[in-house]
Amino acid sequence: MLRGLLIVVAAIAAAGCGGSDSESSAGRRLVVYVNAPFSASPYIGETIARGAELGARHVNSQGLNVGGESYVLTIKRVDNGLSPQSAVANVRGAVDEEAVAVVDEGTGVDASWQIARDANIPLCITYQGGDGLVDPERRPNVFRIAPTDHGLAFRLAEYLIPKGLKVALLVDDSSYGQEGKDALAQAFEGQEAVVARIDVPSSSTELAPQVLRARRAGATALLVWARPAVIAATITAARSSGWDVP
């Protein structure tokens, strides 16, 4: 019963933003790990962690009592640095600390889910939305607290195509970007709306050549599926060249 309740708690936690972790009345301490890229992509890491902390604070303020025993949720931040190896090591740390759940950005899940499963720990993905990450039959302990890439891509297509825009699709070479690329390919399959499909390095901060390529292809809109730094670099490149494309 407690394990099922904590899955719901993790789902609520990841949906919020802002706030900080606080413990209310005394009770048995239950640790929820937040496995996210705090150093490599602070925006993503902080957003996930603050949501989890806000959720924990709300639950603690209401009181968490199961079977007559009181519990207090505590959030522990661990940095995966967008490294699958670090992400897996962090999940091992969650097992060693007997955490009750892991709220995970998604990096390294292909390896870490089994470690969490063997310890009966739910792993809740809050950012990456690739179709292969969650499988109720094969990965029963993995849950998604975010829309799927498939759903987002088709919603974007439904929104953009009727506007008559000529779209350039830019994706980075991270696992996040490549999963998005697959979803976008399905959503825009056979559509004349797409005039360019461009891959960009996730490590690059200078994307003027790729943006120029999109412009020369006749794009009247850019759809960028990438890590935050690449999105920022794309906007900078377009605006610096005087291109006010949406």
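Tyrosine 176 and tryptophan 225 are both buried (under 20% relative accessible area, with exposed meaning over 50% and partly exposed in between; 1.4 Å probe, protein chains only). The model is predicted, so that local features require pLDDT of at least 70 and side-chain atom pairs count only at pLDDT 80 or more, whereas totals for chains, interfaces and linings use all residues. Residues are numbered from 1 along each chain as its sequence is written, and side-chain values use heavy atoms, with hydrogens and water left out.

A search of the whole structure identified 2 aromatic pairs (rings of Phe, Tyr and Trp, the last by its six-membered ring, with centres within 6.5 Å; planes under 30 degrees apart count as stacked, over 60 as edge-to-face and the rest as tilted). Tyrosine 127 and tyrosine 176 are stacked, at 4.8 Å centre to centre and with 25 degrees between the planes. Because tyrosine 127 lies in the loop between β5 (123–125) and β6 (142–144) and tyrosine 176 in helix α6 (residues 175–187), this pair ties together parts 49 residues apart in sequence. Helices (H or I, at least four residues) and strands (E, at least two) are DSSP runs, numbered from the N terminus. Tyrosine 127 is partly exposed, at a relative accessible area of 22%, while the value for the buried tyrosine 176 is 13%.

The rings of tyrosine 176 and tryptophan 225 form a tilted pair, because their centres are 6.2 Å apart and their planes stand at 40 degrees. This pair links helix α6 with strand β9 (residues 221–225), the two residues being 49 apart.
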